[in-house]
Amino acid sequence: MDEASFLDPLFRRWQRTATLSREDKRAVLALPWARRAFGRDSYLVREGEPTSVCTLLVSGFAFRQKLVSEGARQIISIHIAGEFVDLQNGLLEVADHNVQCLTRCVVAMVQKNALIELMASRDNVARAIWLDTLIDSSIFREWVVNVGRRDAKQRIAHLLCELAARLNSADPQSDGSNYDFPLTQEQIADCTGLTAVHTNRTLQTLRRDGLISLSSSRLTILDWDRLAEIGDFNERYLHHAV
Amino acid sequence: MDRVEQNPLESLVRKLETHHALTKEDRNAVLGLPYKLRRLEAQGYTLREGDRPDKCAVLLQGFAFRHKLTGEGARQIMAIHIPGDALDFQNMFLKESDHNVQMLTRGLVAEIPRQPLEELVLGNANVGRAIMVFTLVEASIFREWTLNIGRRDSRSRIAHLLCEFAYRLTAQGLSPDGVYELPMTQEQLADATGLTSVHVNRVLQGLQREGLIERDRRMVRFVSWDRMRDVGDFNARYLHTREFRAPPPSLT
């Protein structure tokens with residue numbers, strides 16, 4: 001049981017918030033997981049389709065998005081390795097939004113009924129899944145605030161801080177300033193309700209002010225305190241300690 | 001004190017059953033939860049950001065909303081709640097609340113202590129599922145609001161909010177004649193849509209001038225559900241009620 005498994009990123013994250021016994025972990029590992037690889041931009045979940053599986057991101061980045069009828073896209077959240085990208089589909093009958101890969105991704109899919117049965121028989125697993133869904137929900141709320149009541153510079157700074165804080169928390173080895181950064185400027189715009197032009201200008205300002213450097217999929221945060229202050233970032237909503 | 005149902009948690013049971021079937025035993029388990037009634041004035045808080053959420057309020061009478069303040073003091077409303085809604089399931093299992101829940105009007109809540117509620121959620125798989133479905137539908141509404149604010153113009157945003165409110169009231173049997181009271185000021189509407197109150201005022205007047213809605217103080221009537229739905233780009237799928245394809249009868 002102690003050997004490394006493809007579920008380690010999940011167990012590491014759950015261990016922060018719930019206490020899983022060896023038997024709990026063994027039961028999670030014993031679920032009928034199907035591992036698959038997807039290319040960048042592939043769809044993991046499509047809006048309107050009936051749900052049958054839950055998908056754990058093993059490596060790579062993914063995002064949730066919704067479209068208005070005229071086609072404009074809003075990104076709803078970003079997911080990092082070790083997170084489920086569609087836990088709601090375990091219990092809701094139809095997908096109300098899309099989930100897409102931001103990068104090349106390896107995922108592990110499990111039949112939703114198997115996951116629900118496991119929740120019914122293992123309290124610690126149920127608690128861990130409850131926390132995941134509630135923390136997802138908290139992040140959604142914070143994004144409503146971000147697009148509704150912050151200006152362009154604050155919105156983008158907040159987005160960068162959130163991603164960095166979540167990556168730090170997922171990886172104890174992180175140096176706390178350098179990150180894989182999967183988003184294009186157009187995607188940053190769709191996360192923040194801005195235009196691509198406005199996003200480009202705002203990123204230039206953050207660079208010129210010496211707060212970040214951003215190039216070819218790497219983000220370096222040069223001044224965390226100032227970036228967090230500009231982004232009005234308070235990580236309470238991530239519930240890293242519960 | 002206004003008359004309340006024999007067991008005020010009946011309204012919670014009804015709400016849970018709009019998404020997930022419960023057996024008689026399940027219903028009795030929910031009805032058996034301990035609770036304390038509490039009357040709240042308009043603007044009263046059921047929960048503040050940073051509080052330890054040690055109970056969960058179920059809204060019995062009146063309307064409530066969730067909101068957060070930015071560091072500069074600007075307010076964003078993230079959800080509106082109608083009678084029957086649980087206000088604090090979002091905080092179960094969490095150590096501190098990340099947002100505020102406040103009354104829009106005066107009202108009445110039943111407060112369930114958190115521990116027996118968590119024990120029920122973990123101990124009774126079907127009730128646990130029903131309650132999780134409720135919280136997942138709430139999360140779906142948050143996602144739709146991000147889309148609404150992030151990618152719709154002011155007219156569609158307001159129309160969408162009105163459609164959602166009408167649809168939910170009707171689904172809960174609270175607006176049988178398609179006329180409803182929107183218990184929000186223009187400032188609160190602005191805070192729910194990321195607009196200014198001046199802008200909200202202009203949009204509401206525009207919707208009225210175009211003959212889409214009629215208003216008398218806070219009473220709103222949809223002249224044409226279909227046209228409002230089109231203006232608001234409203235598709236009820238995200239509310240996950242069982243018959244989301246058909247609008248509630250009184251709205252047609």
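Two residues are taken to be in contact when their C-beta atoms, placed from the backbone, lie within 7 Å. Keep that in mind for the packing described below, and remember that what you're looking at is a predicted model.

Let's start with chain A. It has 8 helices and 10 strands. Its radius of gyration is 18 Å, close to the 18 Å that the globule rule gives for 242 residues, so chain A is as compact as a globular protein of that length. Laid along its principal axes, the C-alpha trace of chain A spans about 55 × 40 × 30 Å. Of its 242 residues, 46% count as buried. If you take the contacts in chain A with a separation of 6 or more, 75% of them are between residues 24 or more positions apart.

Now for chain B. Here, too, the tally is 8 helices and 10 strands. The radius of gyration of chain B is 18 Å, close to the globule rule's 18 Å for 252 residues, so this chain is as compact as a globular protein of that length. The C-alpha atoms of chain B fill a box of roughly 55 × 45 × 35 Å along the principal axes, and buried residues make up 52% of the 252 residues. Among the contacts in chain B between residues at least 6 apart in sequence, 75% join residues at least 24 apart.

How do the chains meet? On the interface, 39 residues of chain A are in contact with 39 residues of chain B. Looking at the chain A side, the elements that give two or more residues are β5 (73-79) and α4 (123-149) of chain A. The largest share comes from α4(A), with 18 residues. Sorted by class, the side of chain A that touches chain B has 19 nonpolar, 10 polar and 10 charged residues.

Next, zoom in on helix α1 of chain B, residues 10-17. The buried residues of this helix are B:Ser11, B:Leu12, B:Lys15 and B:Leu16. Look down the axis of α1(B) and these buried residues fall within an arc of 140 degrees, so they line one face of the helix.

Staying in chain B, find helix α5 (residues 154-171) and helix α7 (residues 197-209). They pack at an angle of about 75 degrees, with their axes 10 Å apart. Angles of 65 to 115 degrees count as roughly perpendicular, and α5(B) and α7(B) are therefore roughly perpendicular to each other. From α5(B), the contact is made by B:Ser154, B:Arg155, B:Ile158 and B:Ala159. From α7(B) come B:His199, B:Val200, B:Val203, B:Leu204, B:Gly206 and B:Leu207. By class, this contact has 6 nonpolar, 3 polar and 1 charged residues.

Finally, check out a histidine in each chain. A:His239 lies in the segment after α8 (224-230) of chain A, and has a positive phi of about 50 degrees although it is not a glycine. A residue needs 20 or more other C-beta atoms within 10 Å to be called buried; with 20 C-beta neighbours inside 10 Å, A:His239 counts as buried. In chain B, look at B:His240, in the segment after α8 (225-231). B:His240 is not a glycine, yet has a positive phi of about 50 degrees, and it is buried, with 21 other C-beta atoms within 10 Å.

How values were computed. Residues numbered from 1 in each chain as written. Chains lettered and ligands numbered in written order. Predicted model: local features only at pLDDT ≥ 70, side-chain atom pairs only at ≥ 80, totals over all residues. Helix = DSSP H or I, 4+ residues; strand = E, 2+ residues; numbered from the N terminus. Nonpolar A, V, L, I, M, F, W, Y, C, P; charged D, E, K, R; others polar. Axes fitted to C-alpha atoms, helices over the stretch in contact; angles between N-to-C directions. Parallel < 35°, antiparallel > 145°, perpendicular 65-115°, else oblique. Buried ≥ 20, exposed ≤ 12 C-beta atoms within 10 Å, placed from the backbone. Arc of directions from axis to C-beta. Rg over C-alpha atoms; globule rule 2.2 N^0.38 Å.
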